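These notebook entries record what I looked up in one structure, in the order in which I took the topics.

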2 protein chains.
Amino acid sequence: MSSEELSRNTGIHSVRLRRILSQLGRNGLVQSNRGLAGGFTLARSPEEIHLQEVYCAVETRKAFHLDVTRNDQGTAALSGRVNGFFLRLFEQLQVEIEESMSSITLADVLRNTMQQEE
Amino acid sequence: MSSEELSRNTGIHSVRLRRILSQLGRNGLVQSNRGLAGGFTLARSPEEIHLQEVYCAVETRKAFHLDVTRNDQGTAALSGRVNGFFLRLFEQLQVEIEESMSSITLADVLRNTMQQEE
DNA sequence: CATATTTGTAACTGGCACGGTTACAATTGA
DNA sequence: TCAATTGTAACCGTGCCAGTTACAAATATG
């Protein structure tokens, strides 16, 4: 399907779609073809594409983002230790999230959204 | 402790601290006093303050944010069903996160960050 | 080969959220 | 009365993100 056709079906502008899809292509999730009758196809079958891959390919920063770069030189070493505590906590949550997303494939999504199609 | 003193200890500007702390006050987590020798104190003991409360008091939007308002009127009903799928998924993840944060109190944070103080 | 179509990407713009800053009214203890 | 402190409004600058335009590169078709 071409980015224009996808744009018509989703309401998302074609340039943005191309940006996202080329990102997915760089991570080996979709295959793109230029020229006449070009467009995008899945690089693997839906059963082999996990949400976690899609998410990581598109989103640069983690779901749980914490800015800890500041105050490392700061007044009290306590700040650094509190920051460390939350870094570890958020890291754990991040792992849980990624595990959830790793267990879901694109095929699962299709099954759950297209079953009662008329 | 006054916002000025907190600012000196954390490097965070006092106005921003007051904004955050007054928000926490509105949610009953800290107690504020104006005037000479005023400042902020915890409204409850650290054992009774859970991270989830602090997080919810300060952060308006959920940790997992998804914009699903668009395309509801859209071309294909499929969009809506896919959106619904991810809404449910993210809701589950949100619940997991909040459960993790509910199990940690401010006292836990203090225990983990101040034990090897010299 | 010529042409039309499509991807990939750069460049610019506008909007929005957020933090920093200044300022000041309201409160309160000395 | 006065100084200190919270609470909050107003404004500014910055950075990020999506939208938009434009165009080179690639490619199928005739």
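**Entry 1. Model and chain A**

I note at the outset that this is a predicted model. I began with the secondary structure of chain A, where I found five helices and two strands. I then read these elements along the sequence and wrote down the pattern α-α-β-β-α-α-α. How much of chain A is buried? Of its 118 residues, 9% count as buried. I also looked up the sequence range of the contacts in chain A: among those between residues at least 6 apart in sequence, 53% join residues at least 24 apart.

**Entry 2. Helices 1 and 2 of chain A**

I next examined how helix 1 of chain A meets helix 2 of chain A. Their axes come within 8 Å and cross at roughly 115 degrees. The two helices of chain A are therefore roughly perpendicular to each other. I recorded the crossing of helix 1 of chain A and helix 2 of chain A as right-handed. Which residues make the contact? Helix 1 of chain A supplies A:Ser3, A:Glu4, A:Leu6 and A:Ser7, and helix 2 of chain A supplies A:Ser14, A:Leu17, A:Arg18 and A:Leu21. Sorted by class, this contact has three nonpolar, three polar and two charged residues.

**Entry 3. Helices 1 and 2 of chain B**

I repeated the search in chain B. Helix 1 of chain B packs on helix 2 of chain B at an angle of about 115 degrees, and the axes are 9 Å apart. That angle makes helix 1 of chain B roughly perpendicular to helix 2 of chain B. On the side of helix 1 of chain B, the contact is made by B:Ser3, B:Glu4, B:Leu6 and B:Ser7; on the side of helix 2 of chain B, by B:Ser14, B:Leu17, B:Arg18 and B:Leu21. I counted the classes in this contact as three nonpolar, three polar and two charged.

**Entry 4. Surface near DNA strand C**

I turned to the DNA strands. Around DNA strand C I found 23 residues, the closest being A:Ser2, A:Ser3, A:Ser22, A:Ser32 and B:Gly35. The elements giving two or more residues to this surface are helix 1 (3-10), helix 2 and strand 2 (39-42) of chain A, together with helix 2 of chain B. Which element gives the largest share? Helix 2 of chain A does, with six residues.

**Entry 5. Surface near DNA strand D**

Around DNA strand D there are 24 residues, of which A:Val15, A:Gly35, B:Ser3, B:Ser22 and B:Ser32 come nearest. Two or more residues each come from helix 2 (14-26) of chain A and from helix 1 (3-10), helix 2 (14-26) and strand 2 (39-42) of chain B. I noted the largest share, six residues, for helix 2 of chain B. The surface near DNA strand D divides into eight nonpolar, 10 polar and six charged residues.

**Entry 6. B:Asp108**

Lastly, I looked up one residue. I located B:Asp108 in helix 5 (residues 106-114) of chain B. B:Asp108 has 16 other C-beta atoms within 10 Å, so I list it as partly exposed. I also checked B:Asp108 against B:Leu51: the two are 57 residues apart in sequence and 9.7 Å apart in space, C-alpha to C-alpha.

Technical notes. Residues numbered from 1 in each chain as written. Chains lettered and ligands numbered in written order. Predicted model: local features only at pLDDT ≥ 70, side-chain atom pairs only at ≥ 80, totals over all residues. Near = placed C-beta within 6 Å. Helix = DSSP H or I, 4+ residues; strand = E, 2+ residues; numbered from the N terminus. Nonpolar A, V, L, I, M, F, W, Y, C, P; charged D, E, K, R; others polar. Axes fitted to C-alpha atoms, helices over the stretch in contact; angles between N-to-C directions. Parallel < 35°, antiparallel > 145°, perpendicular 65-115°, else oblique. Contact = placed C-beta atoms within 7 Å. Buried ≥ 20, exposed ≤ 12 C-beta atoms within 10 Å, placed from the backbone. Left-handed = near helix turned anticlockwise from the far one by under 90°.
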